[in-house]
Amino acid sequence: MTGIATDLLPATRDALSVLLLAMADDEFVIGFSDSEWTGIAPMLEEDVAMSSLAQDELGHAQALYRLLAEIVEDGRDADAIAFDRPPEGYYHARLLDHPRGDWAGTIARRYLYDTADGVRLDALAGSSFAPLRDLVGKIRREERYHRMHASSWLERLALTTGEPRLRLLDALARLSPDGASVLAPLPNELSLVMAGILETGSAELETRWRAEIGPVFERLDLPMPAAIAEPAAARTGHSEAFRRLWTDFTSVRHAEPGATW
Amino acid sequence: MTDQAPADRVLGPMAGSASPRASKGHEAKDRPDGGGLEPWEVFRQEKEGDPMRHGGSVMAPDAELAVHYAREMYGRRQESVRLWVVRRADVHDLTDPDLLQPPLDRSFKKPGGYVMRDKLAAARERTGKHKPRGSAR
């Protein structure tokens, strides 16, 4: 074995692979899902902005899948990992199983995801695994803008009485049980903490996340997301909406298996 | 995104709920539903030390989103190191030809009105110095 993760214990390497798969699938699914706004966003400028954000996420997913491929070394490249799994093989958080919904739904999901992802990235910024630390350094710089964008819109919808606020409240209620799913515990994450790859475990990350968004939700008078209903199933048993999305995003790949694009 | 009059752009997807006031450009921001858009002018600096040049404009309901959209339109491909975003209504527009293109000869107000070449050549002659590299006028 000549890979970049050969210094790691097998159990740590497996846990790292699971973490990377979770992060990559999260970025891939929200990126693809939000790209559905291309051409139909509320206004032209927002159309460009949302499409560009979605593209950023797909870029992050690609980089994470590549790193994963180097660690797993089973002959699959980033594309094979991204596209050649059945829907039940994806490991994204349940929050991203929800369809993009209306604009308020997309903004609510984006805000919950971007803030949780930000806390996760912060906990990897000083990772002992250099390839991940370097990649996270780059991703964090782009995610800063994503959070600014989501915050601007959350505030706008929350503070505009009438339909905007009602739609936002509706979306938050719908997403609430899965709101914290991005930070649900991962199998064997303790081995990542022990190896200095991840700063701290999921429970602490969720606490940090709630401490970060709590004051915002309070100021905007919005209900905080509930506790994760079923932490062990936070990344499995995907929805019908995701299956439709999967059919969509694998359709080109499946049209001509093995083709070079 | 456009140099058209604001009214042309306001007739977008958000115009369904827009009152006639929305077509008056910057006043649209006062509408209570917050749905009004107005044009913002974007200036960009390509690299440190360059002048700020007008890049174009974006439509946005307020400064915060205007900056986001300016970033997406004029900065997302790393083509800018700085952006200035200015509400179009805050730009004082001057096109009056009486002020800018006066009918009488004003060539004496241009630096070209005084041809320095011959004077410099004469001065060099007197001091015995040669013309420096590059050209002087």
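This is a predicted model: local features need pLDDT of at least 70, side-chain atom pairs count only at pLDDT 80 or more; totals for chains, interfaces and linings use all residues.
Residues are numbered from 1 along each chain as its sequence is written, and chains are lettered from A and ligands numbered from 1 in the order in which they are written. Helices (H or I, at least four residues) and strands (E, at least two) are DSSP runs, numbered from the N terminus.

Two packed helices are described by the angle between their axes and the distance between the axes. Axes are lines fitted to C-alpha atoms, for helices over the stretch in contact, and angles between N-to-C directions run from 0 to 180 degrees. H1 of chain A comprises residues 10-34, and its axis lies 8 Å from that of H2(A) at an angle of about 155°. The two helices are therefore roughly antiparallel (angles over 145 degrees; under 35 counts as roughly parallel, 65 to 115 as roughly perpendicular and the rest as oblique). H2(A) also packs with H5(A), at an angle of about 165° and with the axes 11 Å apart. That angle makes H2(A) roughly antiparallel to H5(A), and this crossing, too, is left-handed.

H2(A) covers residues 44-72, and the 42 Å between its end C-alpha atoms agrees with the span that its 29 residues should have at 1.5 Å a residue; the expected span is 1.5 Å times one less than the number of residues. After H2(A) comes A:Glu73, with a positive phi near 50°. Contacts (C-beta atoms, placed from the backbone, within 7 Å) link H2(A) to H5(A): residues including A:Leu53, A:His60 and A:Leu67 meet residues of H5(A), among them A:Leu132, A:Ile139 and A:His146.

A:Leu67 lies in helix H2 of chain A. This residue is buried, with 23 other C-beta atoms within 10 Å; burial requires 20 or more such atoms, 12 or fewer marking an exposed residue and values in between a partly exposed one, with C-beta atoms placed from the backbone. Leaving aside residues up to four places away in sequence, A:Leu67 touches A:Leu20, A:Pro131, A:Leu132 and A:Leu135.

Chain B contains four helices and three strands, arranged from the N terminus as α-β-β-α-β-α-α. Of its 137 residues, 21% count as buried. Among its contacts between residues at least 6 apart in sequence, 41% join residues at least 24 apart. Strands pair where DSSP finds at least two bridges between them. S1(B) (residues 38-45) and S2(B) (residues 53-60) pair in the antiparallel sense over seven bridges, with B:Phe43 opposite B:His54. S1(B) also runs antiparallel to S3(B) (residues 82-87), to which six bridges join it; there, B:Gln45 has B:Arg82 as its bridge partner.

H2(B) is mostly covered, nine of its twelve residues being buried; among them are B:Leu65, B:His68, B:Tyr69 and B:Met73. Their cover includes S1, S2 and S3 of chain B, together with H2 and H5 (130-159) of chain A.

Methods
Two residues are in contact if their C-beta atoms, placed from the backbone, lie within 7 Å. A crossing is left-handed if the near helix is turned anticlockwise from the far one by less than a right angle, and right-handed if clockwise.
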